[in-house]
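Please walk me through the charged pairs and the contact surfaces of this model.

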Amino acid sequence: MEKIKRLSKLFFNMVYISSFTFGGGFVIVSIMKKKFVDELHWIEEDEMLDYVAISQSSPGAIAVNCAILVGTKIGGFPGMLTAVAGTILPPIVILSVIAMFYKAFAENTYVNMMLRGMSAGVAAVVIDVAVSLCIKETSKKNVLNIILMAAAFIAAFVFKINVIYIIIVAAVIGLVGALINRKEKKNVID
Amino acid sequence: MLLIKLFFAFLQIGLFSVGGGYVAIPLIQAKAVDSYGWISQTEFADLVTIAEMTPGPIAVNSATFVGMKIGGFAGAIVSTLGCILPSMVLVSLIFFLYNKYKGLPLLDAVMDSLRAVVVALILSAGISLFKTAVLAGEDDTAITIDVMQLLLFVVSFLILRIKKASPILVMFIAGVAGIVSNLVIEALL
């Protein structure tokens, strides 16, 4: 009973998030973080960030990938199906309706005004999440990670390098850093 | 037969779009416009606009749109399932491996570095969204700021940080404020 309650909560939260989240994978991921980490405390923040990294570097839509990970974490295989169903239901319904009269929708002035206003709100949500995460990440005072963070930002924002490459390079650097660290520790013990 | 074709076309799109929506768009074009001629180039351009105007991942939105147009509701369902099936298999597998090896010092160190990178990527996405939301002109030589949009952004941001308000509520109110402010400005001019 407890499990069904949790799954239904997962489902409705996913439907809610997916219905109102405009503007790409990182927006929905930011909102999932707020919901499942900050509000419901179902997932640890570090784990959520791992999910984002995995979602970003796996095939398919980031929102769906992240729903798969969050769902599996919360309720195993049934949780995964529940979370995915909740995530894709709103776009299926909305697009099915809009596919029939999309010209009228796309050219509607009020729809456009609303979406333009929402874009400001969406940017605020994502930057808010990013600022909180940045403050936490820098307060850990891990020099390698702070450098990686700055470099990744420049690579993504200034040079528009594909995020997959950024993630792969960072993983390699992280691995090499960890290996060097381990060797140094061993030497100290020896 | 058509449903099977739809399923496999979107299965390939789901499988090869690593890195989100903007990678999926050219793949969808290659399949739905160039290979099968399910939709025209103009319809495809409309599709991209609509996918961006509506909630949900672009790949899922496109699958539903193309499926609906050529195969009705069954087409929409089949295309969408095709599009998410590769993720469900592969990401579940990765989750299994992640959980199994979590706690290994080396993997933890790598994930720790990736977390820092993810933070940077979210910030980068946020600033790009900010630019699209607040800049008015698309001219490269002169930057024109949409003051109303900037105001909406600042107010939304402050409410989120200080009041810890629900992000969806903030987005929705920003949308309504967008309509109201436009109408007020029109009435005044």
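## A buried charged pair

Lys33(A) forms a salt bridge with Glu45(A). The closest N and O atoms of this pair are 3.4 Å apart. A salt bridge here is a side-chain nitrogen of Lys or Arg within 4 Å of a carboxyl oxygen of Asp or Glu. Helices are DSSP runs (H or I, at least four residues), numbered from the N terminus.

The cut-offs are under 20% relative accessible area for buried, over 50% for exposed, and partly exposed in between (1.4 Å probe, protein chains only).

## How the model is read

This is a predicted model, in which local features need pLDDT of at least 70 and side-chain atom pairs count only at pLDDT 80 or more, while totals for chains, interfaces and linings use all residues. Residues are numbered from 1 along each chain as its sequence is written, chains are lettered from A and ligands numbered from 1 in the order in which they are written, and side-chain values use heavy atoms, with hydrogens and water left out.

Over all chains, the whole structure holds 15 salt bridges. One of them joins Lys73(A) to Glu47(A), with the closest N and O atoms 3.3 Å apart. Lys73(A) lies in helix H4 (residues 62-98) of chain A and Glu47(A) in helix H3, 26 residues apart. Lys73(A) is partly exposed, at 33% relative accessibility. Glu47(A) is buried, at 8%.

Asp46(A) forms a salt bridge with Arg115(B), and the closest N and O atoms are 3.5 Å apart. This pair crosses between chains, from helix H3 of chain A to helix H5 of chain B. Asp46(A) counts as partly exposed, at 33% relative accessibility. Arg115(B) is buried, at 10%.

Which residues do shared partners join into one network? Asp46(A), Asp50(A), Glu137(A), Lys140(A), Asp112(B) and Arg115(B) are joined by salt bridges in this way. Arg115(B) pairs with Asp50(A), the closest N and O atoms being 2.7 Å apart. Lys140(A) pairs with Asp46(A), at 3.8 Å between the closest N and O atoms.

## Two domains in chain A

Chain A is divided into domain 1 (2-139) and domain 2 (140-190). These bounds come from an automatic or database domain assignment. The C-alpha centres of the two domains lie 28 Å apart. Nine residues of domain 1 are in contact with eight residues of domain 2. Contact means heavy atoms within 4.5 Å.

The area buried between the two domains is about 810 Å², and carbon and sulfur atoms give 61% of that area. Buried area is the accessible area (1.4 Å probe) that two parts lose on being put together, summed over both. In domain 1, Gln56(A), Glu137(A) and Thr138(A) lose the most area to domain 2, together 59% of what that side buries.

Two salt bridges cross this interface. Five residue pairs are in polar contact there (both at pLDDT 80 or more). A polar contact is a pair of N or O atoms within 3.5 Å; within protein, one must be able to donate a hydrogen and the other to accept it, and residues adjacent in sequence count only if both atoms are side-chain atoms. On the domain 1 side, helix H3 (45-57) and helix H6 (109-139) of chain A each supply at least two residues. H6(A) gives the largest share, five residues.

## Where the chains meet

The size of an interface is often given as the accessible area lost when the parts come together. Between chain B and chain A, about 8200 Å² is buried, and carbon and sulfur atoms give 78% of that. The contact involves 85 residues of chain B and 98 residues of chain A.

Five salt bridges are counted between the chains. The interface also has 18 residue pairs in polar contact (both at pLDDT 80 or more). On the chain B side, several helices give two or more residues, among them helix H1 (2-16) and helix H4 (58-101). H5(B) supplies the largest share, 27 residues. By class, the chain B side has 52 nonpolar, 23 polar and ten charged residues. Ala, Val, Leu, Ile, Met, Phe, Trp, Tyr, Cys and Pro count as nonpolar, Asp, Glu, Lys and Arg as charged, and the others, Gly among them, as polar.
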